[in-house]
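I opened this entry to record what I looked up in the model, going from the overall fold to single residues.

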Amino acid sequence: MSDIIRLLPDSVANQIAAGEVIQRPASAVKELLENAVDAGAGHIELIVKDAGKTLLQVIDNGCGMSATDARMSFERHATSKIKEAADLFRIHTLGFRGEALASIAAIAQVEVKTRRMEDELGTHLVIEGSVVKSQQPCACTAGTSFLIKNLFFNVPARRNFLKSDAAEMRHILEEFQRVALVNPQIAFSCHSNGKVLFQLPAANLKQRIINLMGSGFQEKLIPVNQDSNVVKISGYAGKPESAKKTKGEQYFFANNRFIRHPYLNHAVEDAFSDLLPEGYFPSYFIYLDVDPSKIDINIHPTKTEVNFLDHQVIYSMLRSAVRQAIGKFSFSSTLDFEA
Ligand code: ADP
Ligand code: MG
């Protein structure tokens, strides 16, 4: 009998990896928006059709790519963001795994147009199911546009598993909001089926929260700040009256990325515990900055689960920072009220 084990072709390996990285149109949106942020864009546009099932486009005015890099960007484990294992402990970019574009191109029809500022011409590359269909020089604005058509065209099981357009669109907007909330200095827009859903100018954080989450937050945000050598905490908590019966508006960001962290949610809820009736949850937008060597973001491809080395210290500091912020607010609001 001859040996029977063989290496899978890249297109198959990419499609397998894509199953984990790109679960739904919103996952592609997250990856493309994060790439645009990493590219140093000052303006990012998201265009969606049919909840991303037929078309997704992200246009940025970031650093752009050379023709060779544009081709390389679709290879698996191809990245400009890290070079060696040690870099994993000092990550300052959102991406570093070099698998998002390879995954997307394995399961969709992708067109990229990109030009670096210093190049006269850009490049226009078409790739479908990991196969490059064409690449030509083109005249285009500086920056990058990724157009993703017919996501999951060759993965019927995944395509059929997608939820209604309304549900998939909610997931997309959630990703859009998370990226926009952590990058207020970047202007964003979002269009869906020809309608403008968001047009967000570059702003400070407070204004970005209000532009994105609604003017209801105008008078309701209390600044939360605490600086120590373990963690720098910043952001806003909603005044107790903006608490909701759902956990919808609870956002944590660590080192510029949205994270989920039930243990830290508890720290904030505990700080609010005397002020809220049973069953109500505070709103908050809290940003944690820690030394990149003290946070593990490499637990899952989507990087929303993280481990903090000093999680207990961060818990206590967060609770105290929020308590202090609410305390200050109650004090000054009483004065305002009496005046
Ligand atoms: P990662 O972001 O983990 O490096 P990706 O597959 O998302 O991996 O992207 C691969 C590479 O393609 C990036 O490292 C970057 O060099 C390049 N790239 C992707 N998107 C853009 C963009 N919008 N502008 C400039 N370069 C980009
Ligand atoms: Mg990326």
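**Overall fold.** I began by noting that this is a predicted model, so what I write here is computed from its coordinates. For the secondary structure I looked up the totals, and the protein comes to 9 helices and 16 strands. The C-alpha trace spans about 80 × 50 × 40 Å along its principal axes. I then checked the radius of gyration, which is 22 Å, and this agrees with the value near 20 Å that a compact globule of 339 residues would have. Of the 339 residues, 36% are buried. Among contacts with a separation of 6 or more, 68% are between residues 24 or more positions apart.

**The sheet.** I next traced the strand order of the open sheet, in which 8 strands follow one another as β5-β4-β3-β6-β2-β1-β7-β8, with mixed pairing. At the edges I find β5 and β8 (195–200), each of which pairs on one side only. From one strand to the next the twist averages 10°. I also looked for what lies against this sheet, and found that α6 packs on it, touching β1, β7 (187–192) and β8, while the direction of α6 makes about 170° with that of β7.

**Strand β6 and its partners.** Is strand β6 largely enclosed or open to the outside? I counted 5 of its 7 residues (143–149) as buried, so the strand is largely enclosed by the rest of the structure. On one pairing, β2 (residues 55–60) runs antiparallel to β6 and is joined to it by 6 bridges, with Leu 56 standing opposite Ile 148 of β6. On another, β3 (residues 109–115) is likewise antiparallel to β6, here through 7 bridges, and Val 112 stands opposite Phe 146 of β6. For reading such pairs I keep in mind that side chains in a regular strand alternate between the two faces of the sheet.

**Strands β4 and β5.** I followed the sheet to its β5 edge, where β4 and β5 pair in the antiparallel sense over 7 bridges. Within this pairing Glu 128 stands opposite Val 131 in β5.

**Helices α6 and α7.** How do the axes of α6 and α7 cross? I find that the axes of α6 (residues 165–182) and α7 (residues 205–213) come within 9 Å and cross at roughly 160°, and the two helices are therefore roughly antiparallel to each other. The crossing of α6 past α7 is right-handed. The contact is made by Gln 177, Ala 180 and Leu 181 on the α6 side, and by Arg 208, Ile 209 and Leu 212 on the α7 side.

**Two positive phi values.** I looked at phi last, since most residues other than glycine have a negative value. Asp 50, which is not a glycine, has a positive phi of about 50° and is found in the loop between β1 (43–49) and β2. Ser 130, also not a glycine, has a positive phi of about 70° and is found in the loop between β4 (122–128) and β5 (131–138). Which of the burial classes does each fall into? Asp 50 counts as partly exposed because it has 14 C-beta neighbours inside 10 Å, whereas Ser 130 has 23 C-beta neighbours inside 10 Å and therefore counts as buried.

How values were computed
Residues are numbered from 1 along each chain as its sequence is written. Chains are lettered from A and ligands numbered from 1 in the order in which they are written. Helices (H or I, at least four residues) and strands (E, at least two) are DSSP runs, numbered from the N terminus. The radius of gyration is taken over C-alpha atoms; the globule rule is 2.2 Å times the number of residues to the power 0.38. A residue is buried if 20 or more other C-beta atoms lie within 10 Å of its own, exposed if 12 or fewer, and partly exposed in between; C-beta atoms are placed from the backbone. Two residues are in contact if their C-beta atoms, placed from the backbone, lie within 7 Å. Two strands pair if DSSP finds at least two bridges between them. Axes are lines fitted to C-alpha atoms, for helices over the stretch in contact, and angles run from 0 to 180 degrees between N-to-C directions. Angles under 35 degrees count as roughly parallel, over 145 as roughly antiparallel, 65 to 115 as roughly perpendicular and the rest as oblique. A crossing is left-handed if the near helix is turned anticlockwise from the far one by less than a right angle, and right-handed if clockwise.
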